[in-house]
Amino acid sequence: MFILLPLVVALLGDGRPRQSAPSPARAVASGAARARAGGAKEPLVARVSAARAVALRVEHLQTPLGIDAARPRFSWQMADPRRGARQTAYRLLVATAPELLAPGKADVWDGGIVVADSSVDVTYAGPPLAWRHRYYWTVCLRDREGRAVPCAPFSWWETGKMAEGWRATWIAASSAPLDTVARIGADGPAADSGTVPLLRRAFAVHGAPVRARIYATALGSYRLAVNGRSVGRGVLQPDWTDYRYRLTYQAYDVTPLVRRGRNVVGALLGAGWFASRMGFSSARYAYGPAPVRLRLELVLTYADGREEVIPSDTAWRAAPSPVLVSEIYDGEAYDARLEQPGWDRPGFDDRRWHAVVAVAAPRATLQSQNLPPVARLAEIRPRRRWSPAPGTWVFDLGQNVAGWARLVVRGPRGAQVRMRFAEILDPDGRNVSQINLRSAKATDTYVVRGGSTERFEPHFTYHGFRYVEVTGFPGVPGPGAVTGIVAGTALPETGRLRTSDPSLNRLWENIVWTQRANLYSVPTDCPQRDERMGWMGDAQVFWRTASYNMDMAAFGEKWLADVRDGQTAAGCFPNFAPSFLGVLSCGAPGWADAGVIIPWTLWRHYGDVRVVAENWDAMQRYLAFIGDSNPDFLWRKGKQVQFGDWLPAGSTRSWGETNTDLIATAFWAHDAQLMAQMAAALGKDSAAAAYGRLAARIRAAFDSAYVQPDGRAGAPFVNPDSVRTTYTQTGYVLALHFGLVPDSLRAAAAVHLVDDIAAHGWHLTTGFLGSAYVLPVLSDAGRDSVAFRLLRQTSFPSWLYEVEHGATTIWERWNGDHGDPGMNSYSHYAFGAVGEWLYRYLAGIDQDSGSIGWSSVAIRPRWAPGLDSVQASYHSVRGTVASAWRRRRDGAVEVTILVPPNASARVVLRAAPASVAAAPGARLEAAPDGSAVYAVGAGTYRFVVAPPLP
Ligand code: BGC
């Protein structure tokens, strides 16, 4: 115990999710990352002396500023070190000032004592909330014995503009589209292009405002400054949404930046996702016509309650900025000679600037952004640098990331320094290679101002890269000339996993790094080439892994709105979201189904049924869309695009060898089953029954079409050159995972699957879909040993093959190094879906099948041969769940677990009860086939399983 408990405590940390400060970079984490990580302190779970509520959240966010929710959802966790700790009642208080947060005093809402253990997404039920108002809140609990626990230290949220109209007009520098043609010739960027404008507005403040807020949005992307100081930590704001229908605004507290007297608010307005070329078409303005435009309100509030608004309007002035061009895929060109010092401060003479134009408001609904912004997360100093040719330098971060680089340079005016970003090197190992970026230029160019030391970071682009090639640098760049900046949506990191095998640890880290690199307000497929879109199949297979690694609740809800926005009139969900292709790319089995699978996954992980309610109509329309054209309950290849079992090993076809109708029908059955569960959660009993019947019919149709009497599951591959029946691993995996094989044949089907794996020399032939579920299927079929063998396989294709070949992120293809070079992304999380198995099966951190929001934890660790220890923790909505096992010298296995307050757990150990020494407080509940099942409440427990181990 004394050896392991510190480990567990170290593993659990302090009971709060880590903010995104990635591990290898932690030593040089940026100021911003450090500030965040050191934010609101919550106590050590293991050390609190009395129960209390911690981790207070509103709409899944800590102290959100400017959210529109009329009935926000509150959640908290109970911290209580005692075994069996439970909340028996709670009381929510909301007030206009912290000192009013007491029963009987709360002037907004006193929810009264509610006898319930709810702590997740409890809905506000007080009087209507005012817009742009800060509310303070707390929650007071009763513990297991019914004793009152001191109320939590207050927290707050601030409402956004809600139903208030905007006084600001939309403005643009001119009505012309962004001329995004980079004019960079031998002489450097053309000085007159001025495609990314500066906008400014001077204003006077009479008196001392007690509060100043900016509400801002753009079609395009903005950076803001007040009196020369930048506003907010977000980049590439507003977030990427389907701008045809939905656009978000952001709120900022600028009180410390505004002062009595003369002030200036300034904006730099770039292309962002709205105007950059996106997707395959390479067309700009995929979501609507030019120009890029801004809408902003700076609201000053004085002590007497008086308000003053400085809106975007035609009083603003505009001028070309030093940013000559800046696009998501291609990078940025910046000419520092064009800087206008002081442009965003008072006293600057803007008479030579020109007037802005008022432009039409977009039709999209404007709503608050309820998500942390894309932001800088960490900095990485390059590990190595070398010069492959005179004048060319390559910097290696040692880690594939998404973000950009900071350049520090001193040189003659007009010197042009170019940075090209790459994930890989040429076969010579010396020069960077952009061969896999397709048309993305991923190049930032900086023209030196001259004089002192200059620092440059681009404004409206990001790259997926490990290497930076620098040319045109005046002199020899020192080690500090280039620093990697890691950026992405700043989500709290909630999972950790460590084993005695360094390669498995690296695999886990690669998964997390790939996730960081692909959360850019949308879950993207990749961060480097001319794609970076919200591909739904990738997201769907990875979502459960993602939800262990990070708090995906708010992010998921945001993205599902993009998914709904992309649904066609006929009910077809898009294949990627935000979409701009409509019927041209929707309804691909395994991709479009994310519209059903992700709401279900979010509901189960975060315990919030509102996400189901919000998506219910859209999901029903999708199910009807499939049903309408497939009356015999087999989903047949219709007009929709199919991606099959994308990018399997060993197939010459991208979509693989598994029959696409089999895949489609399997996903349809899965959707129907999930719909039945979600309908029941919403209290829609007749819909639950109807979806249950639908699932049974699809299952029966699947059975008769694809399952043989001997348990084989497959079908002819529908392709002119292949009429033989293909029994693929993915066919078995989907049939077993989605419960489509009759019970009497499950064991036989699992044997066929294992035989096929063995016939391939213990290798997989699975693509995106099959790989996601294969290990859970094997473990559920009692074939852990095969799962371990696949996990620890190092020859191609396998997860550790990549690791052994130096991967620092998950590759798009199992081989990564040949095939179509344009389809070799080195940062593609789909195959990282194995992370789910690492947490749920290897470490054994799971929920019972009926559990929602971790109320019933299931801990079932598996001591894999060849591993000495595994430790994992997951910061769930109820608090930290942890499981650690290690082999002792005497051959016994020691298992230590942690269950958070307000939850109970079943601990399943693969051993006869007689050989288990269980912690006091653990009650033996059952002993089915060679295992011992214990029931425990909250707290830490240790078990020792004596040898010989099964
Ligand atoms: C993406 C994939 C995506 C796929 C659809 C690719 O170009 O990179 O990850 O799911 O298209 O098949």
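Trainee: A crossing of two helices is left-handed if the near helix is turned anticlockwise from the far one by less than a right angle, and right-handed if it is turned clockwise. In what kind of crossing does H7 pass H8?

Mentor: A left-handed one. Keep in mind that this is a predicted model.

Trainee: Got it. At roughly what angle do the axes of H7 and H8 cross?

Mentor: Roughly 155 degrees, and the axes come within 9 Å. H7 covers residues 594-606 and H8 covers residues 610-629. Angles over 145 degrees count as roughly antiparallel, so H7 is roughly antiparallel to H8.

Trainee: And H14 with H16, at what angle do they pack?

Mentor: About 140 degrees, with the axes of H14 (residues 784-791) and H16 (residues 835-842) lying 13 Å apart. That angle makes H14 oblique to H16. The crossing of H14 and H16 is left-handed.

Trainee: Switching to the ligand. Which residues are around it?

Mentor: Among them are the tryptophans Trp535, Trp591 and Trp646, together with Phe643, Phe768 and Met823. You'll also find Asp525, Arg529, Glu531, Asp538, Glu812 and His828 there.

Trainee: How does that shell split by class?

Mentor: Six residues are nonpolar, five are charged and one is polar.

Trainee: How far is the side chain of aspartate 538 from an oxygen atom of the ligand?

Mentor: An N or O atom in the aspartate 538 side chain is 2.5 Å from a ligand oxygen. For glutamate 531, a polar side-chain atom lies 2.7 Å from an oxygen of the ligand. Histidine 828 has a side-chain N or O atom 2.8 Å from a ligand oxygen.

Trainee: How much of the ligand does the protein bury?

Mentor: 95% of the 310 Å² that the ligand exposes when taken alone.

Trainee: New topic, the backbone. What joins alanine 290 and proline 291?

Mentor: A cis peptide bond, with omega at about 0 degrees. Proline 291 sits in the loop between helix H3 (272-275) and strand S18 (293-302).

Trainee: What about the peptide bond from alanine 577 to proline 578, cis or trans?

Mentor: Cis, with omega near -5 degrees. Proline 578 is in the loop between helix H6 (553-565) and H7, which brings us back to the helix that passes H8 in a left-handed crossing.

Trainee: Last one: what is the phi of alanine 55?

Mentor: Positive, at about 55 degrees, although alanine 55 is not a glycine.

Trainee: And where does alanine 55 lie?

Mentor: In strand S1, which spans residues 52-58.

Note on methods: Residues are numbered from 1 along each chain as its sequence is written. This is a predicted model: local features need pLDDT of at least 70, side-chain atom pairs count only at pLDDT 80 or more; totals for chains, interfaces and linings use all residues. Side-chain values use heavy atoms; hydrogens and water are left out. A residue is near a molecule or strand if one of its heavy atoms lies within 4 Å of it. A polar contact is a pair of N or O atoms within 3.5 Å; within protein, one must be able to donate a hydrogen and the other to accept it, and residues adjacent in sequence count only if both atoms are side-chain atoms. Accessible areas come from the Shrake-Rupley method with a 1.4 Å probe; for residues, only the protein chains shown count as cover. Ala, Val, Leu, Ile, Met, Phe, Trp, Tyr, Cys and Pro count as nonpolar, Asp, Glu, Lys and Arg as charged, and the others, Gly among them, as polar. Axes are lines fitted to C-alpha atoms, for helices over the stretch in contact, and angles run from 0 to 180 degrees between N-to-C directions. Helices (H or I, at least four residues) and strands (E, at least two) are DSSP runs, numbered from the N terminus. Angles under 35 degrees count as roughly parallel, over 145 as roughly antiparallel, 65 to 115 as roughly perpendicular and the rest as oblique.
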